[in-house]
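Visitor: I'd like to learn how to read a structure like this one. Can you walk me through it, feature by feature?

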Amino acid sequence: MTTRIRETALLLRIQLCRLGGVNSLLHGHDPQQRRRALGTLALCLMLVLMASGYSLMLALMLADVGAAGMIPQVFTLALSMLAFVTVMFKGPEMLFGGSDVPSLRAMPVAAGSIVASRMLALLAAELVFSVLIGVPAAVVYGLGEGFSGGLRLALALCLAPALPMAAALALGTLLAHLTLRMRHRALLTALLNVALFVAIMALCGALAAAGLRGRLTRSVMLAMMGRFDRLLTGLYPPADWAAQAAAGSGGALVLLTAVSFGALALMTLAAVRGFTRLADALSMAAPAARASARPGRLKSPLWALYGKEVRRFTSSTIYMMNASAGLLLFAMATVAVCAMDLRQVLTLLDAVPAVRGRLPGLMTLAAMLLSGMTNTTSCSISMEGRQMETLRALPVRRRDWLGAKLMLQMTLSVPVFSLCGAVLALRLGLSAAQGALLILAPIAHSLAMGVVGLALNLRFPRLDWQREVEAVKNGLSVLLTVLTGMLVPLGIGAAWLLL
């Protein structure tokens with residue numbers, strides 16, 4: 001047992017040092033690499049402060065309208081949903097994948113130690129999010145309910161992500177297991193994840209729409225909050241337990257702790273039993289990637305490289321999901337606008353004339369914001385990994401290589417923003433100029449951010465990744481590109497509203 005604990009602690013330390021470039025910062029000898037790691041940590045700190053600020057503003061808004069009692073349930077649901085979505089997309093690869101698995105299995109290290117260290121690393125990452133988002137909410141709650149109530153809520157919010165994390169790992173692992181022998185495994189898994197993402201976002205939209213009735217006066221806001229509170233009660237039992245624990249129920253806190261860590265323990269035991277088979281299967285090449293005996297058709301270097309980018313994109317679930325989130329949200333918003341009764345929404349907006357009169361421009365800015373979230377180029381160079389040296393030796397012009405990566409970006413963006421923008425323009429009765437702006441502005445922004453993503457990824461490539469999720473989500477170029485893509489439309493909107 002002592003040996004297992006030491007093995008787990010050592011592997012966990014290695015896992016944590018990989019996060020955010022900590023290992024390069026502490027042990028790297030290349031000054032440029034250390035500067036990149038320092039920049040990554042600084043950017044992560046800025047994002048951390050932004051997340052805490054948003055959490056504080058939401059908690060203050062609830063307290064201001066007299067709904068401070070809803071803070072435990074609202075934030076428990078938010079943290080649970082965040083944990084479920086993030087772990088669902090990257091959890092199975094973090095648990096069973098990685099190029100370091102063969103070397104670890106060749107060492108005298110038990111499979112249980114490998115799984116436990118990776119599970120604890122995932123739990124540590126979710127705990128950081130819980131602290132950053134939950135502590136500001138607990139402070140606001142404690143101002144009204146007392147210091148002990150805020151402290152109990154902070155503890156309950158730190159426990160909240162454990163159960164959805166275990167459920168997401170179980171579901172993600174089950175999907176990986178069911179699709180292992182399928183020809184287009186990654187594409188099918190991505191489609192299932194897309195369906196799950198759409199279902200979750202649709203549920204959130206339905207819950208939010210259930211409270212939106214009437215005009216935005218203070219009395220109606222209180223009525224909306226009361227209706228929303230009744231909707232939340234019983235919807236997700238752990239959220240009710242967190243609210244009861246914050247109110248002083250020790251039994252609810254014990255129940256939340258037992259269920260959360262019990263689910264994680266069961267998931268860890270199941271992962272240990274299936275670790276060898278799943279790790280071997282995930283490390284094997286997909287059937288679709290096997291060489292074909294059919295003669296290939298001659299293509300120009302640009303189109304051949306473009307085909308390679310498409311195959312790379314469709315062979316990685318995490319790559320597809322990370323680069324398609326903005327497109328999915330925009331498509332879902334378009335469907336929601338077509339399905340809802342616009343008269344109620346427009347009546348609601350009549351209470352805010354400044355918004356009602358600038359609705360077409362605000363929709364264009366929202367589309368640009370979502371296009372900034374959709375970027376394949378910010379990690380496309382990093383995705384080459386250790387094959388970069390081989391690619392550099394090929395007789396291919398640099399503009400063809402980079403042009404193929406930019407073409408993939410526009411292949412995803414242009415159809416979605418053109419079709420959805422046209423549908424929204426017809427549904428809302430926009431003028432020809434407003435409709436054209438709604439279509440062309442997000443496409444132009446996507447093109448610009450594609451170029452920015454390429455430039456940043458050339459400047460800050462991450463080629464030493466062990467798992468694809470490290471290149472897709474943890475690269476400095478990814479963070480800078482997404483942040484730039486979101487800040488540009490926000491800046492344009494702020495300047496426009498102030499004029």
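Guide: Happy to. Start with the secondary structure: the chain has 23 helices and zero strands. Keep in mind that this is a predicted model.

Visitor: How much of the chain is buried?

Guide: Of the 499 residues in the chain, 44% are buried.

Visitor: On to charges. How many salt bridges does the structure hold?

Guide: Four. One of them pairs the side chains of K405 and E309, at 2.7 Å from N to O. That pair links distant parts of the chain, with K405 in helix α20 (residues 398-428) and E309 in helix α13 (residues 301-314), 96 residues apart.

Visitor: Are those two side chains buried or exposed?

Guide: Buried means under 20% relative accessible area. K405 has 1% relative accessibility, so K405 counts as buried, and E309 is buried too, at 4%.

Visitor: Which other partner does K405 meet in a salt bridge?

Guide: E384, at 2.9 Å from N to O. E384 sits in the loop between α18 (377-380) and α19 (388-392) while K405 lies in α20, so this pair ties together parts that are 21 residues apart in sequence. Both K405 and E384 are buried.

Visitor: What about D400 and R397?

Guide: Their side chains meet in a salt bridge too, at 3.2 Å from N to O. Here D400 is buried, with a relative accessible area of 8%, whereas R397 is partly exposed at 47%. To finish the charges, salt bridges that share partners join K308, E309, E384 and K405 into one network.

Visitor: How do I check the geometry of a helix such as α13?

Guide: Compare the expected span with the actual one. The expected value is 1.5 Å times one less than the number of residues. The 14 residues of α13 should therefore span 20 Å, and its end C-alpha atoms are 20 Å apart, which agrees.

Visitor: Which residues of α13 are buried, and what do they pack against?

Guide: The buried ones are L305, Y306, G307, E309 and F313. They pack against α14 (317-339), α18 and α20.

Visitor: How do I read a nonpolar patch on the surface?

Guide: An α-helix has 3.6 residues a turn, so residues three or four places apart point the same way. In this model, L127, V131, V135, V139 and L143 form a nonpolar patch on the surface, with about 430 Å² of accessible area together. V135, for one, is in helix α6 (residues 111-145) and is partly exposed, with a relative accessible area of 35%.

Visitor: How accessible are C338 and C379?

Guide: C338 is partly exposed, with a relative accessible area of 37%, whereas C379 is buried at 2%.

Notes:
Residues are numbered from 1 along each chain as its sequence is written. This is a predicted model: local features need pLDDT of at least 70, side-chain atom pairs count only at pLDDT 80 or more; totals for chains, interfaces and linings use all residues. Side-chain values use heavy atoms; hydrogens and water are left out. Helices (H or I, at least four residues) and strands (E, at least two) are DSSP runs, numbered from the N terminus. Buried means under 20% relative accessible area, exposed over 50%, partly exposed in between (1.4 Å probe, protein chains only). Contact means heavy atoms within 4.5 Å. Patches are made of residues with over 30% relative accessible area and no salt bridge: like charges are joined within 9 Å, nonpolar side chains (Val, Leu, Ile, Met, Phe, Trp, Tyr) within 5 Å. Accessible areas come from the Shrake-Rupley method with a 1.4 Å probe; for residues, only the protein chains shown count as cover.
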